[in-house]
Amino acid sequence: MSTTPTPPTVADVVATLHRCYPPAWAEDWDRVGLVLGEPTAEVRRVACVVDVVPETVAEALAAGADMIVAHHPLLLRGVSSVAPTTYKGRIIHQLIKADVALLVAHTNADVADPGVSDALAARFGLTGLRPLHPSAPGTPAVGAGRGIGRIGELPRPMTLAELTRYAAAVLPATAWGVRAAGDPARTVRTLAVSGGSGDAFLGAATAAGVDAYLTADLRHHPAGEHLAAGGPALLDAAHWATERPWLDDLAALLRAELGVETMVSDLDTDPWTVHAAAPGGGSAPADPATADPAPGGTAPVSAADPDAAPAADDKEPRP
């Protein structure tokens with residue numbers, strides 16, 4: 001008589017993650033939950049990724065994953081076709097043919113406690129955590145420390161310049177790196193963090209009275225106006241790098257709750273692949289006639305592909 005335990009099913013994984021990150025906690029515009037997969041199919045290995053892109057799908061298939069759990073939705077915005085001639089259609093066909101399930105935990109994982117920003121805060125050793133933007137009264141996620149972002153105390157005070165270098169060291173490496181806005185000598189004791197696009201919460205960081213706020217995708221005018229109004233210093237990291245830390249927590253949860261094997265993707269899916277600082281801090285442009293061409297590059301996407309790029313990740317809907 002075999003004593004080998006029966007592997008969990010897709011439905012078991014869904015139930016576990018929906019208990020920890022209920023879909024009702026997601027924003028109304030978000031698309032979370034099971035995207036592909038037969039609920040009764042067995043799951044022995046799960047791949048944890050930030051983005052569902054051809055590279056992470058290939059990595060998951062090579063690792064023998066039966067299921068992918070992703071942070072960013074593949075189908076955030078509606079499509080009229082999943083033909084294999086489209087970007088998303090190619091991915092969907094590949095997953096179905098390989099019998100690999102796909103589940104998304106996005107803004108429901110952002111607001112959870114612990115969630116995406118807790119994992120980011122842990123990289124900085126923040127203590128005394130509280131939400132940057134608590135879930136609103138009357139919403140399903142209200143209470144119990146839930147909400148977007150986290151605020152905490154650094155293990156020791158740092159200048160903004162020191163904190164920027166520290167952030168670059170503790171976050172996953174990207175070509176984008178980390179840039180900061182504000183007085184480099186400013187002392188930072190309290191830090192707010194928010195994984196992913198966070199300029200919608202600049203006002204919350206100011207209202208909280210923190211010394212600095214780290215997030216991704218900060219824009220020129222909102223950042224400039226924020227600083228001009230006396231808001232906290234800003235640190236802008238690559239989007240992928242601010243959400244990748246959560247994958248370790250996700251994988252640990254799946255192993256502990258379901259006993260599955262996990263694979264965490266470290267493939268850098270940040271779209272920015274080249275960074276160059278102006279020599280000596282100057283701004284003189286290079287002579288295109290003599291400059292060396294940049295190595296590598298990205299193959300152009302056919303204009304005939306109406307769905308050429310994966311959906312962007314925002315904490316609020318954008319037009």
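In the protein chain, 70% of the contacts between residues at least 6 apart in sequence join residues at least 24 apart. The model is a predicted one. The chain holds 9 helices and 11 strands. Of its 319 residues, 47% are buried. The protein chain exposes about 15,400 Å², and carbon and sulfur atoms supply 57% of that area.

An open sheet of 6 strands was found, with mixed pairing. The strand order is S5-S6-S8-S9-S10-S7. The edges are formed by strand S5 (127-134) and strand S7 (178-181). Each edge strand has a single partner, so one side of each is left without a neighbour in the sheet. From one strand to the next, the twist averages 25 degrees.

Helix H5 (residues 116-123) lies across S5, strand S6 (147-159), strand S8 (187-197) and strand S9 (212-216). The angle between H5 and S8 is about 140 degrees. Helix H9 (residues 239-258) lies across S8, S9 and S10. H9 runs at about 90 degrees to S8.

His71 was examined next. This residue sits in the loop between strand S3 (67-70) and helix H3 (87-97). Its relative accessibility is 0%, so His71 counts as buried; the cut-off for that class is under 20%. The contact with Asp110 is 3.5 Å, and the contact with Glu243 is 3.2 Å. Leaving aside residues up to four places away in sequence, His71 touches Val49, Val50, Val104, Ala105, His106, Asp110, Val116, Glu243 and Trp246.

A search of the whole structure gave 3 aromatic pairs. One of them joins Tyr21 and Trp246, whose ring centres are 5.7 Å apart. The ring planes stand at 70 degrees, so this pair is edge-to-face; planes over 60 degrees apart fall in that class. Tyr21 lies in the loop between helix H1 (10-20) and strand S1 (33-36), whereas Trp246 belongs to helix H9. The pair therefore ties together parts that are 225 residues apart in sequence. Both residues are buried: Tyr21 has a relative accessible area of 5%, and Trp246 has one of 1%. Trp246 is also among the residues that His71 touches.

A further pair is formed by Trp176 and Trp272, with ring centres 6.3 Å apart. The planes of these rings stand at 40 degrees, so the pair is tilted. Trp176 is placed in the loop between helix H6 (160-170) and S7. Trp272 is placed in the segment after strand S11 (261-264). This pair therefore ties together parts that are 96 residues apart in sequence. Trp176 counts as partly exposed, at 27% relative accessibility. Trp272 is exposed, with a relative accessible area of 53%; the exposed class begins over 50%.

Key
Residues are numbered from 1 along each chain as its sequence is written. This is a predicted model: local features need pLDDT of at least 70, side-chain atom pairs count only at pLDDT 80 or more; totals for chains, interfaces and linings use all residues. Side-chain values use heavy atoms; hydrogens and water are left out. Helices (H or I, at least four residues) and strands (E, at least two) are DSSP runs, numbered from the N terminus. Buried means under 20% relative accessible area, exposed over 50%, partly exposed in between (1.4 Å probe, protein chains only). Contact means heavy atoms within 4.5 Å. Accessible areas come from the Shrake-Rupley method with a 1.4 Å probe; for residues, only the protein chains shown count as cover. A polar contact is a pair of N or O atoms within 3.5 Å; within protein, one must be able to donate a hydrogen and the other to accept it, and residues adjacent in sequence count only if both atoms are side-chain atoms. Two strands pair if DSSP finds at least two bridges between them. Axes are lines fitted to C-alpha atoms, for helices over the stretch in contact, and angles run from 0 to 180 degrees between N-to-C directions. Rings of Phe, Tyr and Trp (its six-membered ring) pair if their centres lie within 6.5 Å; planes under 30 degrees apart count as stacked, over 60 as edge-to-face and the rest as tilted.
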